[in-house]
Amino acid sequence: MKSVLKSLANSIFLVLFIIFSSSTPLVLAQCEAETKTNGCHNYRESMKLKIIAIFAILLSSMIGVCLPLFSRQVPSLKPDRDLFTIVKAFASGVILATGYMHVLPDSFNDLMSGCLPENPWRKFPFTTFVAMLSAVLTLMVDSFAMSVYKKRCGKALMAEANNGGGLENTNVVPIDNFEHGNSHSLEMNDDVSSQLLRHRVIAQVLELGIVVHSVVIGLAMGASGNQCTIRSLIAALCFHQMFEGMGLGGCILQAEYEIKMKAIMVFFFSATTPLGIVLGIGLSKVYSETSPTSLIVLGLLNACSAGLLNYMALVDLLAADFLGPKLQTNMKLQAWSYVAVLLGAGFMSLMAKWA
C-alpha cells in the first residue's frame with residue numbers, strides 16, 4: 001500500500017514540478033497568435049465559474065468512482081453476476097474512448113501547434129512515438145510486477161508446505177493423497193492470489209494514468225481566462241469524470257482493497273482535477289496555453305497518459321474479460337457486453353465535442 005501511495009504522490013509532484021519549473025519563462029515565450037480581445041475574457045466571471053467547477057467536478061468524480069464500490073449492497077451488481085460484467089464492459093469502453101478521443105487528440109493539438117517551431121515538432125510524430133513508448137513501459141511494469149509476485153508467492157507457499165502447514169490430519173489421510181491434495185490446494189491459492197494481484201496492478205496503473213490526465217485538464221481550465229470555454233467545459237468534465245470514475249471504481253472493487261486503501265484511491269482520483277484547477281488559477285499570471293514550453297510539457301504528458309490508458313483498456317480490461325472463460329462460454333452475455341462497450345465508447349466520444 002505504501003508503494004502505491006508513493007507512486008501516486010510522486011507522479012503528481014512530478015507533474016507539478018515540471019509545470020512550475022517551466023512556468024518562469026512562459027511570459028517571454030508567448031505565441032503571437034494568442035488573442036484576448038473578445039468579449040469572453042472577464043476575470044471575475046471566469047473566476048466564479050472556476051470555483052463552481054472545483055466543487056462540481058469534485059462531487060461528480062466522487063459519485064462516479066464510489067458507485068461501483070457500493071454495488072456490493074445490490075445483489076445483482078456483485079462481481080460474479082452478469083450485470084456487473086456488462087457494467088464493467090461499459091466502463092471499459094469509457095476508458096478506451098478517454099485515451100483515443102480525449103487525451104490523444106489533446107496531445108496532437110499541443111505538439112502540432114503553430115506556436116511551436118516546425119522543426120522538429122511538425123517533422124516527427126512525437127505524440128504517437130511517446131504514446132507507443134508509454135504503452136510498452138506499462139506492459140513492462142505489468143509483467144515485472146506479476147513475475148516478482150509469483151516468485152515471492154511461490155517461495156512463501158513452498159515454505160508453508162515444507163513447514164507442515166495443514167498436517168494435523170495426516171494420521172487419517174494417506175501420504176500420496178495428502179501430497180496430491182496439498183499441491184492442488186497450493187495451485188488453487190496461487191491462482192487466486194495471482195488474479196487478485198492482477199486486479200490490483202490494473203487498478204494502480206490505471207489510476208496513475210488518470211491522475212496525470214486529470215491534473216493536466218484541471219490546469220488548462222484553471223489557467224484559462226475564457227469564460228465561454230469554461231462554462232461549456234464544466235458540464236462536459238463532470239460527465240467525463242463521472243464515467244471515468246465508474247471505470248476506475250470497478251477496477252478498485254475487483255482489487256478487494258481494505259477500506260483505507262479504497263478511500264485513498266478515491267481521494268486521489270476525485271481531488272486531482274480540482275487540484276489542477278487551483279494550480280492553474282495560481283499560475284494564471286505566468287502560464288499561457290499557447291506558450292511553447294507549456295505546449296511541449298502538456299503535450300508529452302498527454303501522450304504518456306494516452307498510451308497508458310489505451311494499453312490498460314485494450315489489454316487489461318477488454319481483452320482479459322472477452323477472452324476469459326465467463327464470456328467465451330456465454331455468447332449472449334458476450335454480445336450484450338459488446339453493446340455496452342460500444343455505448344460507453346460512444347458516450348465518451350460524444351463528450352469530446354465539448355471537452
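Figure 1. Helices (H or I, at least four residues) and strands (E, at least two) are DSSP runs, numbered from the N terminus. The model is predicted: local features need pLDDT of at least 70, side-chain atom pairs count only at pLDDT 80 or more, and totals for chains, interfaces and linings use all residues. Residues are numbered from 1 along each chain as its sequence is written, and side-chain values use heavy atoms, with hydrogens and water left out. The end C-alpha atoms of α7 are 40 Å apart, which agrees with the 42 Å that its 29 residues should span at 1.5 Å a residue. The expected span of a helix is 1.5 Å times one less than its number of residues. A kink of about 30° in α7 is centred on Leu233. The bend at a residue is the angle between axes fitted to the seven residues ending there and the seven starting there. After α7 comes Glu256, with a positive phi near 55°.

**Figure 2. His240 within α7.** His240 belongs to helix α7, which runs over residues 227–255. With a relative accessible area of 1%, His240 is buried. Leaving aside residues up to four places away in sequence, His240 touches Thr98, His102, His213, Ile217 and Met348. Contact means heavy atoms within 4.5 Å. One of these partners, Thr98, is also where α3 bends by about 35°.

Figure 3. Helix α3 covers residues 82–111 and has 30 residues. From first C-alpha to last, α3 reaches 43 Å, close to the expected 44 Å. The bend of about 35° in α3 falls at Thr98. Helix α8 covers residues 259–283, has 25 residues and reaches 35 Å, close to the expected 36 Å. In α8 a kink of about 35° lies at Ala271, shortly before the proline Pro274.

**Figure 4. Ser349 beside Ala97.** Ser349 is placed in helix α11, residues 331–351. A relative accessible area of 26% makes Ser349 partly exposed. Ser349 and Ala97 are 252 residues apart along the chain, yet their C-alpha atoms are separated by 5.9 Å. Not counting residues up to four places away in sequence, Ser349 touches Ala97 and Met101.

**Figure 5. The salt bridges.** A salt bridge is a side-chain nitrogen of Lys or Arg within 4 Å of a carboxyl oxygen of Asp or Glu. By this rule there are 3 salt bridges. In one of them, the side chains of Asp82 and Lys326 meet at 3.9 Å, N to O. Asp82 lies in α3 and Lys326 in α10 (residues 325–328), so the pair ties together parts that are 244 residues apart in sequence. Both residues are partly exposed, Asp82 at 39% relative accessibility and Lys326 at 31%. Another salt bridge joins Asp321 to Lys88, with the closest N and O atoms 3.2 Å apart. This pair links distant parts of the chain, with Asp321 in α9 (residues 292–322) and Lys88 in α3, 233 residues apart. Asp321 is partly exposed at 23% relative accessibility, whereas Lys88 is buried at 10%. Glu118 and Lys123 also form a salt bridge, their closest N and O atoms being 3.7 Å apart. Glu118 is partly exposed at 44%, and Lys123 is exposed at 57%.

**Figure 6. A nonpolar surface patch that includes Val141.** The patch is formed by Phe124, Phe129, Met132, Leu133, Val136, Leu137, Met140, Val141 and Phe144, with about 830 Å² of accessible area together. Patches are made of residues with over 30% relative accessible area and no salt bridge; like charges are joined within 9 Å, and nonpolar side chains (Val, Leu, Ile, Met, Phe, Trp, Tyr) within 5 Å. Accessible areas come from the Shrake-Rupley method with a 1.4 Å probe, and for residues only the protein chains shown count as cover. Val141 lies in helix α5, residues 126–162. At 42% relative accessibility, Val141 counts as partly exposed.

Technical notes
Buried means under 20% relative accessible area, exposed over 50%, partly exposed in between (1.4 Å probe, protein chains only).
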